[in-house]
Amino acid sequence: MKKKFKVLINNKWCKCCSLCIKFCPVKNLTMTEQGVKDSGKCIGCKLCERYCPDFAIEVQEIKK
Amino acid sequence: MQDYLTLLKLKKLPTTWCPGCGNGLVVKALAQAMHELKMNKHNTVIVSGIGCNGRSAGYFNLESIHTLHGRAIPVAEGIKTANPKLNVIVLSGDGDLLAIGGNHLLHASRRKTNITVICVNNRIYGMTGGQASPTTPLNAKTASTPFGNEFPEIDVQPVVLANNNLYARSTVYHFDHLKQVIKKALLDKEFSFVEVMSNCYQGYGKKAGYMHPYEIIMDFKKNYNMSRSHKKELKKNEIGFVKK
């Protein structure tokens, strides 16, 4: 069974620098008017979490 | 919530820095390194000087001091001399440590006080609007050098290595390497110096022709190679650590 992940974004701390969008290898994250949005394709590489300079992203595994 | 965030003052976030600034990554790397080493919160002091990175001391949930311009190292040395049990970390920028505080770096490395200095080198005076600093590369266009910088950049490595101290260099792109190098410096028993190449998009990158902070960070990947030998000097385009 493939693991599933969700990207939690703290919009209070996010400054919309879009580093996470550029680093994402599967183009999961997109910029909207409300901020960065997760579109459910996350593979759990955690590059966005690592390179977010504002501590705003956390990647969690979805457990069933 | 990630565990290392307990080391930061969450009430003060978001940080005051520009979007995409590398300072946040350095704060994150230091917090994660301290968390992984299980350092005692009540036994650690962070000292910073003036500049963009000088703000970072205020975000740590520890005893921290935001000192005068360039005087971060003497204050840290004073703290360590008064109470040798404390772990003292200096976290400051290149304009603070190498320009106005260059003299103090020279003498702290001679005296071999057991402090860890983390110098975030973004190659510019970012806070005042992007003027050329001693670490600005030759021919770089900045606010104060519109026709290109005339003078070559300063090299700190020989100053630190002359007294057989630990010198390390890393970039914000090589995040795990940065964490490892910071851990090594924190565990070192003498004066240790970590130079972190960081990105400044608003002050330096825009005039240098970059379109996004991402491009500066990816340039670090292209331009820096890992060094495997720990006894010789690092070349200009190498990251790693040296302890003679």
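This is a predicted model: local features need pLDDT of at least 70, side-chain atom pairs count only at pLDDT 80 or more; totals for chains, interfaces and linings use all residues.
Local features need pLDDT of at least 70 and side-chain atom pairs count only at pLDDT 80 or more, while totals for chains, interfaces and linings use all residues. Residues are numbered from 1 along each chain as its sequence is written, chains are lettered from A in the order in which they are written, and side-chain values use heavy atoms, with hydrogens and water left out.

**View 1. Chain B meets chain A.** Here 28 residues of chain B are in contact with 17 residues of chain A (contact means heavy atoms within 4.5 Å). About 2,000 Å² is buried between the two chains, and carbon and sulfur atoms give 64% of that area. Buried area is the accessible area (1.4 Å probe) that two parts lose on being put together, summed over both.

**View 2. A salt bridge joins Asp176(B) and Arg50(A).** The side chains of these residues meet at 3.0 Å, N to O, and the count between chain B and chain A is one salt bridge. The term covers a side-chain nitrogen of Lys or Arg within 4 Å of a carboxyl oxygen of Asp or Glu. On the side of chain B that touches chain A, the elements giving two or more residues are helix H1 (23-36), helix H6 (175-187) and helix H8 (213-223) of chain B. Helices (H or I, at least four residues) and strands (E, at least two) are DSSP runs, numbered from the N terminus. By class, this side of chain B has 20 nonpolar, six polar and two charged residues; Ala, Val, Leu, Ile, Met, Phe, Trp, Tyr, Cys and Pro count as nonpolar, Asp, Glu, Lys and Arg as charged, and the others, Gly among them, as polar.

**View 3. Eight strands of chain B form an open sheet.** Follow the order E2-E1-E3-E4-E6-E5-E8-E7 in chain B, where the pairing is mixed. Two strands pair if DSSP finds at least two bridges between them. Strand E2 (63-66) and strand E7 (225-226) of chain B stand at the edges with a single partner strand each, so one side of each has no neighbour in the sheet.

**View 4. Strands E4 and E6 of chain B run as a parallel pair.** Six bridges link E4 (residues 116-121) and E6 (residues 192-197) of chain B. Look for Val120(B), which stands opposite Val196(B) in E6(B).

View 5. Along the sequence, chain A follows the pattern β-α-β-β-α-β. The C-alpha trace of chain A spans about 35 × 20 × 20 Å along its principal axes.
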